[in-house]
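Trainee: Can we walk through this one together? I'd like to know what stands behind each label.
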Amino acid sequence: MIETIKYNSKIICISIAILIIVALGLSVFTGCRNTTQEFDSTKDIDVISREEGSGTKGAFSELFELIQVQKADNINDANVANTVKSSKIILQKDLTTKDASVENSTNTIMTTVENDPYAIGYISMGSMNDKVKPIEIDGIAPTPENVKNGSYKISRPFIITYKSQISPLAEDFIGFILSKEGQKIANETYIEVDANADRYAGNMPSGSIVIGGSSSVSPLMETLIDAYKSINPQAKLQLQITDSTTGIAKTSEGTYDIGMSSRDLKESEKGETPDANIGDHDNDNNNNNALIETKIALDGITLIVNKSNPIDNLSKDAVRDIYIGKFKTWNDVNVTIRNLSENKSE
Amino acid sequence: MNYEIKKMKTNMKNNLKENIMHAIFLIAALTSIIAVILICVFLFANGFPAIGKIGIFKFLLGKDWSPTDIPAVYGIAPMVLGSLYVTAGAILFGVPIGIITALFMARYCPNRLYKIIKPAFDLLAGIPSIVYGFFGLMVLVPITQNLFGGTGKSIFTASILLGIMILPTIISISEAAIRAVPESYYEGALGLGASHNHAAYSIVLPAARSGIFASVALGIGRAIGETMAVVMIAGNQARMPAGVFKGVRTLTANIVIEMGYAADLHREALIATGVVLFVFILLINLSFSLMKRRIVR
Amino acid sequence: MMKHAKIKMQMQRIQSQSVQLDSATGINAQNFSKTENMSHTTTQTTNINAQNSSKTENMSHTTTQTTDIIAQNSKTPLNFRNGDTTKHHAKSRPPFDIFLSIITYGAAGLTILALISIIGYIIIMGIPNLKPSLFSLTYTNDNVSIIPALITTIEMTLLSLVIAVPLGIFTAIYLTEYAKRGNKLVGLVRVTAETLSGIPSIVYGLFGMLFFVTTLGLGFSLIAGACTLSIMILPLIMRTTEEALISVPDSYREGSFGLGAGRLRTVFKIVLPAAIPGILSGIILAVGRIVGETAALIYTAGTATDIPMSVTDSARTLSIHMYVLSNEGIHTGEAYATALILLVMVIGINALAAFAAKKLTKI
């Protein structure tokens, strides 16, 4: 008797536990499936931004005026002036809302936007796929064609940088990038800078070089390296994927032969060795440290939202207002759009 | 005579060998001490100047982190709090479940099931943290978003994921501790009329507390130092934590997000962030070894 | 321990006796389950066995004793939190007891749920992305081959082990075999090892970058990564080796000394071979940690895609490969495939550990 009761209560316990787990599992399941629900525009906008210092964020902030800059002549405070490193800028403030999620990879942004109906983020045009929806800016679609003809202004250059004295292989490889073949590769996912380049006519020297820098440029650089290797098999090209700042610093330091950057070089980076914080150990070759920068391609920056989001066009100001935190919900955005269209019709 | 000399020679040779090896062993033993000293020296030497420049109170208690602004502001209070909250959350989720699971493994689990789940939990410990990050991003974030609103990237999500990540550590060490409790304790409890549950929970579990504390300490260490997974699911907003379902940035995330771009004082400030993290870990280790000593007494 | 074993033996004897008794005298022991009966008896057996030599006497005595105890228990509840001593005759279990059962099975179930969902997730996302082109010998932007990363992972593991294993084992030998009792150095080494094992990998990454990469001028390279990793795994190897050495019985050492062997000879010929299973399990744990490491390596070993030809070349391990692939959002599928391969590797390492431990302990 008691044996069976005990046995039963054990079974009851286990079954209750299993029930709880199944319930949890079900909620997990429904949680996964719920992403196709109807779009509720009263919900907060989930703003996603890139990390401080990233080339993509730098370009985006500049183009949407998310950085407040005050020049030196407006202020006469000597103390402030002292803290300034190089140029005339003495006050610079990043206006991006502090509530914005900060992600350090394009992939995380895309996955987040794909799963979150209320999210908005920005990515490199070359990384775009059909799981997220691109947003038109002032009615102009973010396509390579529109970047090329200049109507879509949200773009940034891909830059390579190198010293004036470089190895023959590096020189030849740069020649290849800027040749017709190289530019054709660049044009596949990005935008070429020189449509009328000459054909590649290098002498294919052997040797080995290190190329490093921006992770945004690296997909293009990888393809270029592969193509170049098929032409010049003796060449050994090593790619280090880090980031723009490291790429520039290490090139000027001599670790990389060619640096990649997804933003323009700062004045302080061009001239002399940028503070020798990365390599104090070899300060001997400070001569010839001036860096040359060359544009190899253009890359658009695409604003993306979830596919269930009804909005597909935003004005430049609306984007700015979203990113400085003025618009809290998608309704705010809708109201502005409606007002605009009413104004226009009047 | 000749034989004796030979013997003495071999003895001397052996002695020499013995002494040399003794020295080598001693040097090897010193490497870990040297390593700790080197780590301290290099981190502190690179981090302290920045703290000095920024000002220790401004650095530790500053609520604003805007390294690219001019003039730049470096305050890591949000990140310190973020790390603390996320770790506390991970303990809240991971520790009770981990300890009970360990007890289950040691006292409840049928042998056949044990043979399957024991290696499976070991596997859980071996999965790289970046894979956990993917899992969190694709599975946990959408779930929390649907259940609790917001972006889904929050203290809550990060806590759950970290709770899962510290489970294997807690389970394996706690289980070993529970198994080390003499069988007679359990039998004695049963003999005095306690039920199976009671014997397990109120006799065996407290007897294993020293080992369980050690597992919790290691779990905390892992949670506070976790980087790649947290960075994907915590939201990383560099502002004071605003709620359980709001995003947060941890100390580790701060380093890994910005290290690549940083230069000059910004870079030193990030290394100083690492120093703060290091000091945190040291404090946790110290307090737990003190606690352990008191428990043992 | 000895006492414990004795009690257990007696317990077993009594169990077999009580079965005999049941059939012989027809005493009904329904009121309690067998296990309870057993353990109740044990508390009393030690004295009883000594006192009574006749089997049947002994048995009847024991049973009456047991029932006495139970009767006492139900009258005077013991000092348990919920007075849960009435289980034997209770018709239903007290709610707290049921609650304990539920949370136990619930917690275990949750852990298993987490386990299944993570492993299932990796498998479901990984298998569709496995392509033969992933296994081509050279890396290009099209095939995103994992072979160079796989080879780098093996090289990195070997290199780290070459540095860390001798250091770890020698340290453990010093601590257990050479250091005199009360040696202050021993305590210091243990504390530092504990500290090292608690340091987060990103702090190791920062240190490796500052020390090996910059100060020693090694640059992003295999060797810088391996040095950083070897410091990371040193405490793990040291601790497991130390435990293994301690568990070697002292009689081995005494026997060896007695036969005239020196200390060194004893350590290398007698103690170390006996401790190999423990050492090996430590090494395999360390391998698992190296394979899964990301944060410490991105700042020390770099991300070059080629197979490294010398230790000063930069290269990426599988984990870093996955991290880099997942960053730009172009090769996400391949990242999942890499995750699956990492999982398979970890399973392989764990299985190897279990196998090695089994094989070696049998010898």
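Mentor: Start with the largest nonpolar core, which has 264 residues; Leu161(B), Ile233(B) and Leu342(C) are those with the most contacts inside it. Keep in mind that this is a predicted model, where local features need pLDDT of at least 70, side-chain atom pairs count only at pLDDT 80 or more, and totals for chains, interfaces and linings use all residues. Residues are numbered from 1 along each chain as its sequence is written, while chains are lettered from A and ligands numbered from 1 in the order in which they are written.

Trainee: What makes a set of residues a nonpolar core?

Mentor: The members must be buried Ala, Val, Leu, Ile, Met, Phe, Trp, Tyr or Cys residues joined through C-beta atoms within 7 Å. Buried means that 20 or more other C-beta atoms lie within 10 Å of the residue's own (exposed is 12 or fewer, partly exposed in between, with C-beta atoms placed from the backbone). The 264 residues of the largest core are such a set, so the name applies.

Trainee: Which residues is Leu342(C) in contact with, leaving aside neighbours within four places in sequence?

Mentor: Pro128(B), Val131(B), Val291(C), Leu318(C), Ser319(C) and Met322(C). Contact here means C-beta atoms, placed from the backbone, within 7 Å.

Trainee: What does that rule give between chains B and C?

Mentor: The contact takes 73 residues from chain B and 77 residues from chain C. On the chain B side, helix H1 (residues 2-54) gives the most, with 20 residues. That side divides into 47 nonpolar, 21 polar and five charged residues. The classes are simple: Ala, Val, Leu, Ile, Met, Phe, Trp, Tyr, Cys and Pro are nonpolar, Asp, Glu, Lys and Arg are charged, and the others, Gly among them, are polar.

Trainee: How many residues does the contact between chains A and B take?

Mentor: It takes 33 from chain B and 40 from chain A. H5(B) gives the most to the chain B side, with eight residues. By class, that side has 16 nonpolar, 11 polar and six charged residues.

Trainee: How many helices and strands do chains B and C have?

Mentor: Chain B comes to 12 helices and two strands, whereas chain C has 13 helices and zero strands. Those are DSSP runs, numbered from the N terminus: helices are H or I with at least four residues, strands E with at least two. In chain C, buried residues make up 44% of the 363.

Trainee: Why is S12(A) said to pair with S8(A)?

Mentor: Pairing needs at least two bridges found by DSSP. Three bridges join S8 (residues 155-163) to S12(A), so the two pair, and they run antiparallel.

Trainee: Which way do the residues of S12(A) point?

Mentor: Ile258(A) and Met260(A) point one way, Gly259(A) and Ser261(A) the other, and all are buried. In a regular strand the side chains alternate between the two faces of the sheet.

Key. Two residues are in contact if their C-beta atoms, placed from the backbone, lie within 7 Å.
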